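My notes follow in the order I took them.

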Amino acid sequence: MFLVVGQGNPGKPYANTRHNLGFMVLDRLGLEFRKKGEALLAEAEVGGEKGLFLKPLTYYNLSGQAVAPLVRFYHIPPERLLVVHDEMDLPLGRLRFKAGGSAAGNRGVASIAGALGTEAFHRLRLGIGKPPSRELGAAYVLSPFLPEEWPVVERVLEVAKEAVLCWAKEGLAPCAGRFNGLDLREKG
């Protein structure tokens, strides 16, 4: 069994913000989510394997509270957990698979690592670019995408959906090779 976690914040005020890219990717899968504890949960079979898809309702920075109980109950190993989240260290239009490593300042990823006692799980990092200044980081991730950014966001969401399904069927290495080099920004 595998688990895919889309990072985001619940509620309409956050729906189209940079921090909610993980939720948006899971929404693109067309699954039926139901409330389960502190999360929205969907089940689906991908490539012959049963999978769970989770949108924590704990707010982004406390995602571990929703993820850890599910991981423990279903005995999901770190290499079968994928966390889909926004990433300021990548420009909008880039995505990158990663196995383990530090949270690099992402409090949601840190919450999951802390609750699980490991950083060894997989991530699909979706670039949102850097804020104008470091001090504006929190406001930046909670800000909506600009109208001129939406064409790139739409491409990212479609490709990220494919990337999640690839990971569920084939694992990290082949999918990283296929998706990590893509640049979905418009060429001028």
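**Entry 1: the largest pocket.** I began with the lining and asked which element gives the most to it. Helix α4 does, with three residues. I kept in mind that this is a predicted model. I then listed the elements that each supply at least two lining residues: β5 (81-87) and α4 (137-141). For the space inside, I noted about 690 Å³. The lining has 21 residues, and those closest to the pocket centre are Met88, Gly105, Gly137, Ala138 and Val141. I sorted the lining by class and got eight nonpolar, seven polar and six charged residues.

**Entry 2: the second largest pocket.** I noted a volume of about 170 Å³ here. Its lining includes Lys36, Gly37, Glu38, Leu54, Pro69 and Tyr74. I looked up which one has the largest share. It is α2, with six residues. By class, I found eight nonpolar, two polar and two charged residues in this lining.

**Entry 3: α1 against α5.** I turned to helix α1 (residues 21-28) and helix α5 (residues 150-170). They pack at an angle of about 65 degrees, and their axes are 9 Å apart. Is the crossing left-handed or right-handed? I recorded that α1 passes α5 in a right-handed crossing. From α1, the residues in contact are Leu21, Met24, Val25 and Arg28. On the α5 side they meet residues including Trp150, Val153, Leu157, Lys161 and Val164.

How values were computed. Residues are numbered from 1 along each chain as its sequence is written. This is a predicted model: local features need pLDDT of at least 70, side-chain atom pairs count only at pLDDT 80 or more; totals for chains, interfaces and linings use all residues. Side-chain values use heavy atoms; hydrogens and water are left out. Axes are lines fitted to C-alpha atoms, for helices over the stretch in contact, and angles run from 0 to 180 degrees between N-to-C directions. Helices (H or I, at least four residues) and strands (E, at least two) are DSSP runs, numbered from the N terminus. A crossing is left-handed if the near helix is turned anticlockwise from the far one by less than a right angle, and right-handed if clockwise. Contact means heavy atoms within 4.5 Å. On a 1 Å grid over the protein atoms alone, a cavity is a set of points where a 1.4 Å probe fits but cannot get out, and a pocket is an open set with protein on both sides within 12 Å along at least five of seven lines; lining residues have an atom within 4 Å of a point. Grid points are joined across faces, edges and corners, and a volume is the space filled by probe spheres set on the points. Ala, Val, Leu, Ile, Met, Phe, Trp, Tyr, Cys and Pro count as nonpolar, Asp, Glu, Lys and Arg as charged, and the others, Gly among them, as polar.
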